[in-house]
Each structure stands twice: as structure tokens, then as C-alpha cells.
Amino acid sequence: MVQAAFLDDLSESELMALPFLWEFWAMPHQLAPEGDWRTWVILGGRGAGKTRAGAEWVRAQVEGAGPDDAGPCHRIALVGETVDQVREVMVFGESGILACSPPDRRPEWHAGRKQLIWPNGAIAQVFSAHDPEGLRGPQFDGAWVDELAKWKKARDTWDMLQFGLRLGDDPRVCVTTTPRNIGLLKELLERDSTVATHAPTEANKANLARGFLEEVQARYAGTRLGRQELDGVLIDEAEGALWTPGTLEAARVAALPEFSRIVVAVDPPVSGKASSDACGIVVAGVVSDGPVQDWCAYVLEDATVQGVSPDTWARAAVAAMERWGAEKLVAEVNQGGDLVEEVIRQVDALVPLKKVHASKGKTARAEPVAALYEQGRVRHARGLGALEGEMSQMTLKGFEGKGSPDRVDALVWAINELMIAPAAKWRSPQVRTL
């Protein structure tokens, strides 16, 4: 009713202008943040509306109150991977500048000069990231940069653009990109002069082709590629990582075999506060036909929970056992000691429980497991994106992510129980050390 009343109150000219009133239609991640910033980075999954946001930002910079009135910017740089991509996506695309512009403010495309020229005289010049030197000389008071994370000459092109942003009182850049693990993007996001907005593909599902989202989510949801391309998450690979993106991609399988054994491994947190570390819970199985060197483990589920009470994580672990028909629960007891067993027994007094104790550092424990991955002896089911993200931050120097690698710790205990322990000699039958 409110919407109908609003529309009924609009005049004919106002109704005609409404489709071009971006603030009315935009999603929060598509609107430029307030404040004193130099670079606005829009991180989003495929189809999340990044291009439309960039095109509308350019409009806001060059358009004035009337068609012939000047806007905040008069010279804009449009920079994409190639000239063709700038023209076909940023200028002529379905969400590009021409499609977003009202008839009385629509710029003209001058192909020979690779320029858009608005009725008020504002000019947008097209540049290719393949030719950083093309940005040497021209000067601007604003720029729209598209898909920076896929540029082969990203740093050189960005540097040349910065030298050209010397017109006006406050030259700014809008960057629209699906995130990839490149140094320049990570550096930009860390700068105090940068603001960022983010959205997954699903945020724009109302404007996507029917069935598209369902299809890509079915294939890629929970995978490393899906987190990057659909969730718009920057997957950071640390230097010296024990698990590389290639290793993790190679480990992923679509079908699962019959298992000889299945276990659930738990890395309990110190406390049950919302701000505490997560409780790592990982389910894994093994096909142990033949000699030990031919065995293969499969990581089946990451059931990790965050900021919950001990009773809640214990119930989550026992529930994972029931879902998969696991033979035992493997729990690290460094933090909590006998209290860990007590909490689990309160949930299920008869649950088969094996207590393990870490005598080595996290990296030392993880290295033999990482070696099994390199040998192709550990596989991943789908839906393990969060775990894989944490794995990529485990390095020879330690964990370089935020907080504690609780998912990885649980993974290490699970693979140790299924693959490493059977091939090793153990000192104590009660509490294993690793």
C-alpha cells in the first residue's frame, strides 16, 4: 500500500524519471559509502550487480542537476582488462553506462577516440590494462576500474592511473571486481583511504536468469571456486602454504565410495563465549583395502561451530557421528583435559571416545597430513570451502589467518587417526601424542 500510494503521487515526468533514480533501486552494496575515501572497492560474486554499481557511480560523478549542468567530475578514466571489454561491458553492456543513462543525459560514443562525451561536455576515456603506458600523459578527476583482480599487468596499470588522477579537488576511483588472490587488491583493501562493499551473487538473484543461481550453486557452493566466484570472498593464499589452491582443487571429488571406517574429530575451544575460538568438528572416512600405503582418506563434512556452549558443541559432534555412522569420536584434550570427556559424556554416556594430546606445534602436526594430500591420498567432498580457506593459511611458519585454525586442527586429528596412526608405533594406548 505504501508503494502504491507513493507511485500514485508521482507526476508523469517523475514516473518517467523513476527508472533512472539509482538511489531508489540500488542495493546497499551498490551505493558509494559516505566519508573521505580515495578508493571504493566493490567485491562481489558473478552477477552481484558490480557493473551496474560502477556505471551508476560514473553517472553520479559526471551528471549535474540538469542535462547541460556540470557534475563533480569532468574527465573520467574507464579502465578494463582490454579495450574490447571496456566497450562491451562498461560502455555498451546491459548494465553499462549507456543502458543506465536517461535519454536527455546519455553520452555519445566516439569510437575513433575511444571516448564517451556527455551533453554537458564531460568525457570518459577508455584504457586497457594490457597497455599501462597508455595512461601516461592523460589526467583525470575520477576513474572506474573493472575486474582489476584479473589484470595481468595490474600493478603497472594501477600505478600509471594514480599518477593521472591529478585534476579537481578530490579525485576518486571506483573498483568493481570479483576477488582474486593478488597482492595489489590485498594492499588496496588494507589502506586507510580505501572503503569496500561486498555482496554474493545471491544478493542480486531477482535480476538473474531463472535457474542460473540454482545451477551454479549446485555445482560450486561450498567449493573454493564458489567462495570466490559466487560469494565474492577473497581467498588468501599465504606464502609457503602447506596446502595450495591447486592441491585443494585436485583433492575434490563428486562421488564418495564405501568406507572402511569413519571418525569425527573435535578440537574444543577454551571457553564457550561468542568471542571464543571455534570448535573444530571434522568428519572423515577411509578406504583401507590393501596395504597401508594404498589407503585413501576422504574429508566428508566440516561441522565446526562458533561461539557456542560446551554442551552445544558436544551435541554437534555427536550429531555428526550419528549422521555418518562414525565409529568413534576423536577429541583433543590439551584444553580442558577431563572436562572435555565429561561434557561429551553428558550428551552421550556411551559414545566411543578417543582422547588425543598434542605434544607438537600446529605446523609440525599438519605437515605429515599435507604430505598425504601431495601424494593424492586425501580427497574432499563438496561443501568444505571454509575449511579449505583455513588450510590455505597454514604455512611452514605457522597459521597466518585470523584467530586459531580450529578446523585444520580437527582435520589433522581425523586424518591422523585414519591414515597416520595405523602406520606408526604409539607410546600409549590411552592418550596418543602428535
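Leaving aside neighbours within four places in sequence, Asp 409 is in contact with Asp 267, Lys 362, Arg 365 and Ser 404. The model is a predicted one.

**Exercise 1.** Determine where Asp 409 is placed and whether Asp 409 is buried or exposed.

Solution. 
- Step 1. Asp 409 belongs to helix α16.
- Step 2. The relative accessible area of Asp 409 is 3%.
- Step 3. Buried means under 20%, so Asp 409 is buried.
- Step 4. The side chains of Asp 409 and Arg 365 are joined by a polar contact of 3.4 Å.
- Step 5. Between Asp 409 and Ala 358 there are 9.9 Å in space, C-alpha to C-alpha, and the two are 51 residues apart in sequence.

**Exercise 2.** Describe how α14 and α16 pack, and which kinds of residue make their contact.

Solution. 
- Step 1. Helix α14 covers residues 362-374 and helix α16 residues 406-420; their axes are 10 Å apart, at an angle of about 55 degrees.
- Step 2. An angle of 65 to 115 degrees would count as roughly perpendicular and one under 35 as roughly parallel; α14 and α16 are therefore oblique to each other.
- Step 3. The crossing of these two helices is left-handed.
- Step 4. Contact residues include Lys 362, Arg 365 and Leu 372 of α14, and Asp 409, Trp 413 and Met 419 of α16.
- Step 5. By class, the contact has 11 nonpolar, no polar and 3 charged residues.

**Exercise 3.** Find which side chain makes a polar contact with the side chain of Lys 328.

Solution. 
- Step 1. Lys 328 is part of strand β12, residues 328-332.
- Step 2. Beyond four places in sequence, its contacts include Arg 261, Met 321, Pro 352 and Glu 417.
- Step 3. The polar contact is with the side chain of Glu 417, at 3.3 Å.

Key: Residues are numbered from 1 along each chain as its sequence is written. This is a predicted model: local features need pLDDT of at least 70, side-chain atom pairs count only at pLDDT 80 or more; totals for chains, interfaces and linings use all residues. Side-chain values use heavy atoms; hydrogens and water are left out. Axes are lines fitted to C-alpha atoms, for helices over the stretch in contact, and angles run from 0 to 180 degrees between N-to-C directions. Helices (H or I, at least four residues) and strands (E, at least two) are DSSP runs, numbered from the N terminus. Angles under 35 degrees count as roughly parallel, over 145 as roughly antiparallel, 65 to 115 as roughly perpendicular and the rest as oblique. A crossing is left-handed if the near helix is turned anticlockwise from the far one by less than a right angle, and right-handed if clockwise. Contact means heavy atoms within 4.5 Å. Ala, Val, Leu, Ile, Met, Phe, Trp, Tyr, Cys and Pro count as nonpolar, Asp, Glu, Lys and Arg as charged, and the others, Gly among them, as polar. A polar contact is a pair of N or O atoms within 3.5 Å; within protein, one must be able to donate a hydrogen and the other to accept it, and residues adjacent in sequence count only if both atoms are side-chain atoms. Buried means under 20% relative accessible area, exposed over 50%, partly exposed in between (1.4 Å probe, protein chains only).
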